[in-house]
Amino acid sequence: MPTETTTKRGRPGYDQQSVLRIAVDVFNRHGYDATSMGILAENLGISKSAIYHHVPSKGDLLKLALDHALGGLEAILEEPSATSGPADARLEFVLRQTIAVLVDRLPFVTLLLRLRGNTEIERDALERRRAFDHKVAALISAAREDGSLRQDIDPRTVTRLLFGTINSIVEWYKPGGSLSPEKLADDLIAMAFEGLHTAS
């Protein structure tokens, strides 16, 4: 007699995480606003009702995706290396780990960076991202005050320039290529902390 399985008949072997990964890819290709549940169902190869088996709505998919991106970033600031030690060392740790999270969760962070703020879920995510940026700016200010970073550039400008550079990675970085995440982080830290001039 055949054994009973937990897989529901008529549904491919998707779980919530696989549905989420495909949904994020579709959101990034078409834009969240332009993506309907019908488009998601077509890309998944299942019916709309089958998607509702995994999540209540398109908004819930967006929230899960943004929580995955932001949770990775926010966890960095709780690490001991981000909370103790010299401010410049803490800043370097946070920047390195930010790049690691971005590369590891590239589609999710890409979605975060492309938000327009059209829904409450998006606005909440943008507020969490701003809070993260403010904490990094505070680290930059602390490093300036203890003399480890130059003081002639406003810390808000430094924060914007650093994260403008880091955020651009989603547009050109290809995981699995010749540039490893570690070398990418090394290059950013060298450029940010030492500049592009050769040592005299």
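Predicted model: local features only at pLDDT ≥ 70, side-chain atom pairs only at ≥ 80, totals over all residues.

Visitor: At what angle do helix H1 and helix H2 pack, and how far apart are their axes?

Guide: To read a helix pair, one looks at the angle between the two axes and at the distance that separates them. Here helix H1, residues 16-30, and helix H2, residues 37-44, pack at about 120°, and their axes are 10 Å apart. That angle makes H1 oblique to H2, and the crossing in which H1 passes H2 is right-handed.

Visitor: Which residues of H1 and H2 meet?

Guide: From H1 come Val19, Ile22, Ala23, Val26, Phe27, Arg29 and His30, and they meet Ile39, Leu40, Asn43 and Leu44 of H2. Sorted by class, the residues of this contact between H1 and H2 are eight nonpolar, two polar and one charged.

Visitor: How do the axes of helix H4 and H7 cross?

Guide: The axes of helix H4, residues 58-76, and H7 come within 9 Å of each other and cross at roughly 105°, and that makes H4 roughly perpendicular to H7, because angles of 65 to 115 degrees are counted that way. On the H4 side the contact is made by Leu62, Ala65, Leu66, His68, Ala69, Leu70 and Leu73, while H7 brings Phe108, Val109, Leu111 and Leu112. By class, the contact of H4 with H7 has ten nonpolar residues, one polar residue and no charged ones.

Visitor: Is Thr110 buried or exposed?

Guide: One reads this from the relative accessibility, and a residue counts as buried when the value is under 20%. Thr110, which is found in helix H7 (residues 106-113), has 6% relative accessibility and therefore counts as buried. Leaving aside residues up to four places away in sequence, Thr110 touches Asn28 and Val170.

Visitor: Why does Glu122 count as buried, and what does Glu122 touch?

Guide: Glu122 lies in helix H8, residues 120-145, and counts as buried because its relative accessibility is 3%. With residues up to four places away in sequence not counted, Glu122 touches Tyr32, Asp33, Leu62, Leu115, Arg116 and Gly117. The side chain of Glu122 also reaches the backbone nitrogen of Arg116 at 3.3 Å, and a polar contact of 3.0 Å joins the side chains of Glu122 and Thr119.

Visitor: How far apart are Glu122 and Gly59 in sequence and in space?

Guide: Distance along the chain and distance in space are read separately. Glu122 and Gly59 are 63 residues apart in sequence, and from C-alpha to C-alpha they are 9.4 Å apart in space.

Conventions
Residues numbered from 1 in each chain as written. Heavy atoms only, no water. Axes fitted to C-alpha atoms, helices over the stretch in contact; angles between N-to-C directions. Helix = DSSP H or I, 4+ residues; strand = E, 2+ residues; numbered from the N terminus. Parallel < 35°, antiparallel > 145°, perpendicular 65-115°, else oblique. Left-handed = near helix turned anticlockwise from the far one by under 90°. Contact = heavy atoms within 4.5 Å. Nonpolar A, V, L, I, M, F, W, Y, C, P; charged D, E, K, R; others polar. Buried < 20%, exposed > 50% of the residue type's maximum accessible area, 1.4 Å probe, protein only. Polar contact = N/O pair within 3.5 Å; in protein donor to acceptor, adjacent residues only side chain to side chain.
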